[in-house]
Amino acid sequence: KYLAEHGWHAFFHWFDYMSWYPLGRPVGTTIYPGMQITAVAIWRALGKLGSAISLNDVCCLVPAWFGVSASILVGLFAAECSGRKSAGAFVAL
């Protein structure tokens, strides 16, 4: 949510004074931001397509979408390597 509201630069320079009390935490440099960046990009793309899905819903659904995509790609890879479609179907399950 912070990335969507404040932008890229502010996200990577974000310092959270409330966590790791009393020192605080430089959030933008101490996390793996890939999922946040991907979720905001998908949320913005869906918004431009006219979808009214919330950023929270996108964050909840991204792992499921990526899991389905990975299963399909692994199944296609197994079918290509083995030369048998049944092997690809079995691996994708």
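Predicted model: local features only at pLDDT ≥ 70, side-chain atom pairs only at ≥ 80, totals over all residues.
Let me start with cysteine 81: this residue is exposed, with a relative accessible area of 55%.

Cysteine 81 sits in helix α4.

Setting aside neighbours within four places in sequence, alanine 79 is in contact with Arg84, Lys85 and Gly88. Between alanine 79 and glycine 34 there are 30 Å in space, C-alpha to C-alpha, and 45 residues in sequence.

Is glycine 88 buried or exposed? Its relative accessibility is 5%, so it counts as buried. Leaving out residues up to four places away in sequence, glycine 88 touches Gly75, Ala78 and Ala79. Leucine 76 and glycine 88 are 12 residues apart in sequence, with their C-alpha atoms 5.7 Å apart.

Helix α5 covers residues 85-92, and its axis comes within 7 Å of the axis of α4, the two crossing at roughly 150°. Because angles over 145 degrees count as roughly antiparallel, α4 is roughly antiparallel to α5. The crossing of α4 and α5 is right-handed. On the α4 side the contact is made by Ser71, Val74, Gly75, Ala78, Ala79 and Ser82, and on the α5 side by Lys85, Ala87, Gly88, Val91 and Ala92. Sorted by class, the contact of α4 with α5 has six nonpolar residues, four polar and one charged.

Helix α4, residues 55-82, also packs against helix α3, residues 34-48. At what angle do α3 and α4 pack? The angle is about 110°, and the axes are 9 Å apart. That makes α3 roughly perpendicular to α4. Met35, Thr38, Ala39, Val40, Ile42, Trp43 and Leu46 are the α3 residues here, and they meet Leu55, Val58, Cys59, Val62, Pro63, Trp65 and Phe66 in α4. By class, the contact of α3 with α4 has 13 nonpolar residues, one polar and no charged.

Next, the core. Which residues make up the largest nonpolar core? There are five in all: Leu3, Ala4, Phe11, Val40 and Leu55. Val40 is also among the α3 residues that meet α4, and Leu55 is among their α4 partners. As general background, nonpolar side chains in soluble globular proteins tend to be buried together.

Phenylalanine 11, one of the core residues, touches Tyr2, Leu3, Gly28, Ile31, Pro33 and Gln36, again not counting residues up to four places away in sequence.

Last, tryptophan 8, which lies in helix α2, residues 8-12. Tryptophan 8 is exposed, with a relative accessible area of 54%. Apart from its neighbours within four places in sequence, tryptophan 8 is in contact with Leu3 and Ile37; Leu3 is one of the core residues. Tyrosine 32 is 24 residues from tryptophan 8 in sequence and 14 Å from it in space, C-alpha to C-alpha.

Key. Residues numbered from 1 in each chain as written. Heavy atoms only, no water. Axes fitted to C-alpha atoms, helices over the stretch in contact; angles between N-to-C directions. Helix = DSSP H or I, 4+ residues; strand = E, 2+ residues; numbered from the N terminus. Parallel < 35°, antiparallel > 145°, perpendicular 65-115°, else oblique. Contact = heavy atoms within 4.5 Å. Nonpolar A, V, L, I, M, F, W, Y, C, P; charged D, E, K, R; others polar. Left-handed = near helix turned anticlockwise from the far one by under 90°. Core = buried A, V, L, I, M, F, W, Y, C linked by side-chain atoms within 4.5 Å. Buried < 20%, exposed > 50% of the residue type's maximum accessible area, 1.4 Å probe, protein only.
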